[in-house]
Amino acid sequence: MFRLEARTSTPAWFNLVLPFLAIVVTLILCSGLIAVAGAGVIEAYGVMLSASLGDSYAITETLVRAAPMIFTGLAVAIAFRAKFWNIGAEGQLLAGAVASCAVGAIPMPGYLAMLLMALVGAAAGAIVALVPATLRVKFKVDDVVSSLLLNSVIYYALMALIEGPWKDTFSGYPISPPIEDSANFPVLIEGTRLHIGVIVALIAAPLCWFLIARTTLGFQIRVTGENPEAARYGGINVQRVLLSTALLSGALAGLAGVGEVGGVHFQVMSDISPGYGYSGIVVAMLARLNPLGAVPAALFLAAVMTGAEAMSRATGVPAFLSDVIQGTALLAMLVALLFTAYRIRRVGAPS
Amino acid sequence: MSAVFEQIFQVGFLAAIIRIATPLAFATLGEMFSERAGVLNLGIEGIMLLSAMAGFTAANLSGSLWLGVLAAVLVGALMGALHALFTVALGLSQHVCGIGVTLFSSGLAYFLYRLIFGQQSVPPSIDGFKPVPIPLLSDIPILGPAVFNQFTLVYLAILAIPLAAFVLYRTPWGLSVRMVGENPRAADSAGVSVIATRFQAVILGGALMGLAGAFLTMAQFNAFTFGVVSGRGWVAIALVVFGRWDPWRSAGAALLFAFVDALQLRMQASGLGHIPYEAFLMLPFIFTIAAMAFMSRNAVAPSALLKPFRREER
């Protein structure tokens, strides 16, 4: 007989093994879909791997794609730490993109423009995130639902801009005017798209880790999430912590949008984000809400996305496989997390 | 200005409200059953999308619309079972599992649709459901053509509301659902299987979400697009709160939302051309958020919502 037994503590190596296990299970499960599509599983995954990590150019492409998901992953991880259920990273990203695009189109010295784009973009994301947090604190509105609904509102606002005042009068396409050339983020390696925003994302992860693990605000965020009653008893202003968390989370998601405008697209269009905000939830869960883990988790999803397109071209398997992989990975990770709460024990001798 | 209003409140306006409300009513009732049993189902958006795709595909390939509806309901129930497996049997976070189910179902819907139909310049469509006038009732002025000259699925939705209320408030099973959602410990002591009842409620909820998806691709649009659901699932979750977890009120909330949505569609079409149409598209969402702010302070959710049940934990 086996039974589940509650665990009191988990060994540290679980943090590495569980996401790895979840990813392996995910890839095995999704190989079924590749087979259904009539392609060779080994071949398809092989193409994905070589197209995303096979050579130095592929690696830079994967890094470029990972940057927005590092930011949204950090945004979600910090929010979820406080049990502020911010599912609105997508809308916050779009707000950051629109705001930074507006700033970037103003002629001014390049470095000033980039700095202002980051500041204004982060502020825009923070303001959007403040809405569900305020509604929760003041009106007890469920933050999941309001942040989700807000994503649609922001998306339509973006569409109104690019089909209205921002519309390209020359081509008639619904795309915003480009930002100034001087505001384009510098490229680090000639001939690639690896821009400075990727480095900022990679630095943001340890900074967020420091904030959560080593600062007073981080402590308050953790206590508020784990035990709001104890937090209140301990003199923490839970409502204020939730609002601060929302500002921080929204600012990070906003920066994801800034990077896409300043470093990748240089303008705003309707499909500027292929769901990076939602991917942030997958990243955060794979990282076990640890900011440091957001980097490898985002790199994995980025590799899957970059690889899926090449795989689709080579084998005809729809590139939407990457969406299925994301959803499956999230669910697999949740199941894997059971091992942190329980262990399987043999009970009694089999007779 | 009066010409604008005349254009808005035509005879067809009422019919449009009913049509918009139908998928929302199915989805809202589905989410309500799930939540009354104590399980928030954020998978609703993805479940509706996958059901819409499955229904459309089955109808397109078989030529039978009702086979399509059946496929959509079965897929919805199956995805409900998946959500229940994670949240009820394994007791995992309902928030995150729901998002996981939505991401997974949406991804699967996109993947399978592209696999089956490829990338066609003209998206495939079907000959969808046609309105079926009900004799005598459809002759009532104004109300008749609007309410009683509709798709069969609309009538089904209208019947589903009292039926849901009856099941929830007047049957032993409905009592079990309410008990496991309010006080699972007491339900367990009374001999009600908390796990089984929650599974059943979430599966029933999924099946209703499947009907909502079926309506979108087989009656409303007669085609499947990636944006066919576009937030209707999230709206349904808000409507359950707005409807205070009651079938009648939830259906009323769906009708109210449909009114706002139909109104914005009319305003788009009418002479208010200088306002971008996206402003109108936003309107129902802003309305929903505002309504929640207005209602949530006094809303009392099922006590055991979001709380997994494990027998051994006391």
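Mentor: Let us begin with a term: contact means heavy atoms within 4.5 Å. Please bear in mind that this is a predicted model.

Trainee: With which residues is Ser322(A) in contact, leaving aside its neighbours within four places in sequence?

Mentor: Beyond those neighbours, Ser322(A) touches Val304(A), Met305(A) and Ala308(A). Ser322(A) lies in helix H13 of chain A, which spans residues 321-341.

Trainee: Is Ser322(A) buried or exposed?

Mentor: Buried means under 20% relative accessible area. Ser322(A) has a relative accessible area of 8%, so it is buried.

Trainee: What is the phi of Arg288(A), which follows H11(A)?

Mentor: Here the general idea is that most residues other than glycine have a negative phi. Arg288(A) has a positive phi, near 55°.

Trainee: How should I read the packing of two helices?

Mentor: Two packed helices are described by the angle between their axes and the distance between the axes. In chain B, helix H12 (residues 247-269) and helix H13 (residues 277-295) pack at an angle of about 170°, and their axes are 9 Å apart. H12(B) and H13(B) are therefore roughly antiparallel to each other, and their crossing is right-handed.

Trainee: Which residues make that contact between H12(B) and H13(B)?

Mentor: From H12(B) come Leu256(B), Phe257(B), Val260(B), Asp261(B), Gln264(B), Met267(B) and Gln268(B). H13(B) contributes Tyr277(B), Phe280(B), Leu281(B), Leu283(B), Pro284(B), Phe287(B) and Thr288(B). Sorted by class, this contact comprises ten nonpolar, three polar and one charged residues.

Trainee: At what angle do H8(A) and H10(A) cross?

Mentor: Helix H8 (residues 216-226) and helix H10 (residues 238-265) of chain A cross at roughly 110°, and their axes come within 10 Å. H8(A) is therefore roughly perpendicular to H10(A). The crossing of this pair is left-handed. On the side of H8(A), the contact is made by Leu217(A), Gln220(A), Ile221(A) and Thr224(A). On the side of H10(A), Val238(A), Val241(A), Leu242(A), Ser244(A) and Thr245(A) take part. By class, the contact of H8(A) with H10(A) has five nonpolar, four polar and no charged residues.

Trainee: Finally, how is an interface between chains described?

Mentor: The size of an interface is often given as the accessible area lost when the parts come together. Between chain A and chain B, about 3,800 Å² is buried, and carbon and sulfur atoms give 82% of that area. In chain A, Leu149(A), Tyr156(A) and Phe320(A) lose the most area to chain B, together 17% of what that side buries. The contact involves 43 residues from chain A and 38 residues from chain B.

Definitions and conventions: Residues numbered from 1 in each chain as written. Chains lettered and ligands numbered in written order. Predicted model: local features only at pLDDT ≥ 70, side-chain atom pairs only at ≥ 80, totals over all residues. Heavy atoms only, no water. Axes fitted to C-alpha atoms, helices over the stretch in contact; angles between N-to-C directions. Helix = DSSP H or I, 4+ residues; strand = E, 2+ residues; numbered from the N terminus. Parallel < 35°, antiparallel > 145°, perpendicular 65-115°, else oblique. Left-handed = near helix turned anticlockwise from the far one by under 90°. Nonpolar A, V, L, I, M, F, W, Y, C, P; charged D, E, K, R; others polar. Buried < 20%, exposed > 50% of the residue type's maximum accessible area, 1.4 Å probe, protein only. Buried area = accessible area lost by both parts, 1.4 Å probe.
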